[in-house]
Amino acid sequence: MDLSHARALSAQTFAGDPVTLARDLLGAALVRVLPGGERLAARIVETEGYDCPRDPSCHVVARLPGAAASMAGPPGRVYYHVAYDQPLLNIVCRPQGVQAAVLIRAAEPLAGEERMRERRPVKRRLDLTNGPAKLVTALHLGPELRGQPVDGPDFYLVPGDPLPDGDVTTTARVGLRRGADLPWRFLITGNPWVSAGKPSA
């Protein structure tokens with residue numbers, strides 16, 4: 001897979017529906033370029049969509065400091081936040097002023113795995129990036145990326161080959177009480193790097 005910045009998705013790609021984008025991001029690569037130029041990369045294998053105009057789960061946004069403004073920012077920006085002491089990576093979607101995002105839940109290492117292990121020393125290889133907070137830590141993604149475009153020099157996304165519907169499993173999202181039944185979680189069927197999270201419904 002060509003991980004060069006020349007193939008990066010533009011920030012404007014994310015101006016659309018977050019549920020559609022969550023499904024379409026499966027197979028794309030997250031690329032983090034470290035200060036010395038080393039490149040870490042992981043293939044997205046699990047996502048969730050959040051679309052506040054029609055999403056009951058978004059009632060929590062008003063209680064999270066800065067969340068409403070961040071999720072309503074320009075499309076294709078990093079919305080980095082911490083929930084239950086766990087750092088999470090979201091990408092803001094829809095036009096500015098509408099609160100919507102895609103949560104990246106799990107990924108499969110492609111490049112720089114040894115450097116990832118320095119941040120997340122694990123016994124079982126699958127535990128390196130098979131969860132939303134795990135991949136954030138392993139890929140050296142921190143609060144300094146908050147609000148940055150996802151086609152920047154330090155962090156960008158490279159599209160993968162389109163996945164047919166037969167290779168994608170759709171479920172309810174994880175850990176929700178409201179909007180628990182919405183089928184807005186997407187994963188690559190049978191991929192071992194998918195998280196162990198249980199659908200809310």
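Here is a short note on the fold and the nonpolar packing of this predicted model.

1. A word on ground rules: local features need pLDDT of at least 70, side-chain atom pairs count only at pLDDT 80 or more, and totals for chains, interfaces and linings use all residues. Residues are numbered from 1 along each chain as its sequence is written, and side-chain values use heavy atoms, with hydrogens and water left out.

2. On the overall fold, the protein chain has four helices and eight strands (DSSP runs, H or I of at least four residues for helices and E of at least two for strands, numbered from the N terminus). From the N terminus, their order is α-β-β-α-β-β-β-α-α-β-β-β.

3. Now the inside: 51% of the 201 residues are buried, meaning under 20% relative accessible area with a 1.4 Å probe, protein chains only.

4. The largest nonpolar core holds 45 residues, and F14, L25, L30, L89, I104, F155 and L157 touch the most other members. Such a core is a set of buried Ala, Val, Leu, Ile, Met, Phe, Trp, Tyr and Cys residues joined through side-chain atoms within 4.5 Å. Elements giving two or more residues to this core include α1 (18-24), β4 (86-92) and β6 (155-158). β5 gives the largest share, five residues.

5. Take a look at L89: beyond its neighbours within four places in sequence, its contacts include L30, V102, I104, L135 and F155 (heavy atoms within 4.5 Å).

6. Finally, R173 lies over the face of Y50, 4.6 Å from the ring centre (the test asks for CZ of Arg or NZ of Lys within 6 Å of the ring centre and within 35 degrees of the ring normal).

Definitions and conventions: Buried < 20%, exposed > 50% of the residue type's maximum accessible area, 1.4 Å probe, protein only.
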